[in-house]
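Subject: Handover of a structure

Dear colleague,

Please find below the structure that I am handing over to you, together with its sequence. My notes on it follow.

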Amino acid sequence: MRGVIFLGERKLQVAEFPDPAPGPHDVVVEIKASGMCGSDLKFYRATGGETAALGLGKLEGPVIAGHEPCGVVVAVGSKVDERAARIGARVMVHHYSGCGVCQHCLSGWSQMCVAGSTIYGVTAHGAHADYMKVPAHTLVALPEQLSFSTGAAISCGTGTAYGALRRMNVGGAHTIAIIGQGPVGLSATQLAVVMGARVIALDVSDERLARAKGFGADALINPKTGDALAAIKALTHGLSADLALDTSGTPEGRLTAVRATRAWGTVCFVGEGGGVSLDVSPDMLRKQLTIIGSWTFSTTGQAECARFVADRNIAVDHLFTHRWRLSQADEAYRLFDRQTSGKAVFAKS
């Protein structure tokens, strides 16, 4: 089978791998859709030792990329209960696996496993491939109403946005500022609107802001062209937003989220890496501000997100501006590396 591997220095290869066979507790999924995520870019762009660390301690040789898997079960291990997986089932994959017995694993949060977790597409073979072997416990059912591409989005970016909004208890009484309108931010905008919130979308890309408007954002702000905090105050009768979600992962975005939120408000960070410097008294303490971090989602949260999308007929597929074949991986990542367009997916017809 074919699989995409990142070589670093903005290079990749579509390489040949043996077709996987399931172990006793595993399944093999034929990948129908594999989303491209912004976190892929740190490995795509990696230099020197960063590239060498990919897959360290898990596999010998290169690791197949991709951690937004969705497809159909085509093989089942001898000890897999038919209630957990059956041939022909439409499934997403929770892209982490842990020990299976600690408190985090038992509650579906295997990425927080006390013994350490496997991350598919990083420390074990991922979904930018024809097939993927995973433990049966990583499978999450894909509702019949949803496309495989929608399932791929829910398997990371859209699921992450949903998890953060649920942590913040977003509802119809709220105005929420969403900083960053990349794939996660656009998902958050789309979902928050359906949850009843008024969305103020921020991004430095006018193209992405236009997409946010199409997804229902009430107001658009480009921090490069004016005072974002003043604009948010003007839109909220001088009070600032009730909630703010930073998906940018940048110090500037995080600080804007904190300073754009009113007293007694809640700020959530989901963007990985980096830091932020706050003036604790005015920025946080004297506003009675709650700041939380939200790291992806549990298997239960992934299933809940899929049901939410299906029951409300949310057009998650509209996130995708580009659909590619595996053979087009080099062109796909060169475009994605610019981070100016929407979401992209490797998909089979």
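Why is helix H5 (residues 157–167) largely enclosed by the rest of the structure? Nine of the 11 residues of H5 are buried, so the helix is largely enclosed.

Before the details, a word on the basis of these notes. This is a predicted model, in which local features need pLDDT of at least 70 and side-chain atom pairs count only at pLDDT 80 or more, while totals for chains, interfaces and linings use all residues. Residues are numbered from 1 along each chain as its sequence is written, and side-chain values use heavy atoms, with hydrogens and water left out.

Buried means under 20% relative accessible area, exposed over 50%, and partly exposed in between (1.4 Å probe, protein chains only). Helices (H or I, at least four residues) and strands (E, at least two) are DSSP runs, numbered from the N terminus.

The buried residues of H5 include Gly-157, Tyr-162 and Leu-165. Among the elements that cover them are helix H4 (148–154), strand S10 (175–179), helix H6 (183–194) and H11, where contact means heavy atoms within 4.5 Å. After H5 comes Asn-169, with a positive phi near 55°.

Leu-165 also belongs to the largest nonpolar core, which has 46 residues; Leu-165, Val-170, Leu-191 and Val-309 are among those with the most contacts inside it. Helix H11 (residues 299–311) contributes six residues, the most to this core. Such a core is a set of buried Ala, Val, Leu, Ile, Met, Phe, Trp, Tyr and Cys residues joined through side-chain atoms within 4.5 Å. Leaving aside residues up to four places away in sequence, Val-309 touches Leu-146, Thr-150, Ile-154, Leu-191, Ile-314 and Val-316. Another core, of 17 residues, lies apart from it and includes Val-4 and Phe-6.

Turning to the strands, S10 and S11 pair in the parallel sense over five bridges; two strands pair if DSSP finds at least two bridges between them. Ala-177 has Ile-200 in S11 as its bridge partner. Strand S11 (residues 198–202) is mostly covered, with four of its five residues buried. S11 also runs parallel to strand S12 (residues 219–221), joined by three bridges. S10, H6 and S11 form a right-handed β-α-β unit. From S11 the chain crosses through helix H7 (residues 206–214) to S12, again in a right-handed β-α-β crossover. Right-handed here means that, with the strands pointing away from the viewer, the path from the first strand over the helix to the second runs clockwise.

Yours sincerely
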